[in-house]
Amino acid sequence: MTFQLPDLPYAYDALQPYMSAETLEYHHDKHHQAYVDNGNKLLEGSGLEGKSLEEIVKGSYGSNAGLFNNAGQHYNHIHFWQWMKPGGGGTSLPGALQEKVDSDLGGFDKFRADFIQAGVTQFGSGWCWLAMKDGRLEIMKTPNGENPLVHGAVPLLGCDVWEHSYYIDYRNARPKYLEAWFDNLVNWEHVEEMMAAAS
Ligand code: MN3
């Protein structure tokens, strides 16, 4: 496949005041575009041309770092845009997701605290995740462009904790960004759809 930058599913200013138009414009138009452009260059001659994005991410992990970093970040960002929506967040999860969070993660409050803590404690650039592994929900964190796909799990929700995702709006206050993101932006219906597809 050839990597292509998807359109944002909302306007640049739709996630204000929690994520500014300036942040979204740079993050989508510059950072994600660069992963797409570099990924396409590195895909040529890699032996993974024609594979799905998931196959390219898994197939380059540990063997082609340049391609992996860019393909991984392309995958992560395609979903990151979908994992947010205007008027998202809140404390009420869709029913099937709530049940799974209760049984596997000790309830919503513990899930929220553990997810935010994973993002706060990811040293340097990376992501924190809700993922499905062996039929159970897990909280994970990964460095750089890595994601749960390369650890035998399926990502259901991920938050980008690279500084480019929050520095314009929150400066160095990563915990404040994570709390605002979780409480106000998460598209829980999309998370539940990904959980259903992974089950
Ligand atoms: Mn990013």
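Mentor: A residue is called buried when its relative accessible area is under 20%, exposed when it is over 50%, and partly exposed in between. The model is a predicted one. Arginine 136 has 44% relative accessibility and therefore counts as partly exposed. This residue belongs to a network of salt bridges that links Lys100, Asp104 and Arg136. Aspartate 104 takes part in both of the pairs described next. Its salt bridge with lysine 100 brings the closest N and O atoms to 2.9 Å apart. Because aspartate 104 and lysine 100 are four residues apart in helix H4, about one helical turn separates them. In the salt bridge between aspartate 104 and arginine 136, the closest N and O atoms are 3.6 Å apart. That pair links distant parts of the chain, with aspartate 104 in helix H4 and arginine 136 in strand E2, 32 residues apart. Aspartate 104 has 14% relative accessibility, so it counts as buried.

The structure holds five salt bridges. Another of them joins lysine 85 to glutamate 189, with the closest N and O atoms 3.0 Å apart. Here too distant parts of the chain are linked: lysine 85 lies in the loop between helix H3 (65–82) and helix H4 (95–105), glutamate 189 lies in helix H8 (residues 188–198), and the two are 104 residues apart. Lysine 85 counts as partly exposed because its relative accessibility is 26%, and glutamate 189 is also partly exposed, at 41%.

Arginine 174 is buried yet has no salt bridge, and the nearest side chain of opposite charge, that of glutamate 163, is 6.0 Å away. The side chain of arginine 174 instead makes a polar contact with the side chain of tyrosine 166, at 3.1 Å. Beyond its sequence neighbours up to four places away, arginine 174 touches residues including Gly119, Val120, Gln122 and Val161.

Strand E3 (residues 154–160) is mostly covered, six of its seven residues being buried. E3 pairs with strand E1 (residues 126–133) in the antiparallel sense over six bridges, and tryptophan 129 stands opposite glycine 158 in E3.

Some backbone details complete the account. Asparagine 144 is not a glycine but has a positive phi of about 55 degrees; this residue is in the loop between strand E2 (136–143) and E3. Arginine 171 is another residue other than glycine with a positive phi, near 50 degrees, and is found in the loop between H6 and H7. With 52% relative accessibility, arginine 171 counts as exposed. Finally, a cis peptide bond joins glutamine 16 and proline 17, with omega about 5 degrees; proline 17 lies in the segment before H1.

Definitions and conventions: Residues are numbered from 1 along each chain as its sequence is written. This is a predicted model: local features need pLDDT of at least 70, side-chain atom pairs count only at pLDDT 80 or more; totals for chains, interfaces and linings use all residues. Side-chain values use heavy atoms; hydrogens and water are left out. Buried means under 20% relative accessible area, exposed over 50%, partly exposed in between (1.4 Å probe, protein chains only). Two strands pair if DSSP finds at least two bridges between them. Lys and Arg count as positive and Asp and Glu as negative; His and the chain ends are not counted. A salt bridge is a side-chain nitrogen of Lys or Arg within 4 Å of a carboxyl oxygen of Asp or Glu. A polar contact is a pair of N or O atoms within 3.5 Å; within protein, one must be able to donate a hydrogen and the other to accept it, and residues adjacent in sequence count only if both atoms are side-chain atoms. Contact means heavy atoms within 4.5 Å.
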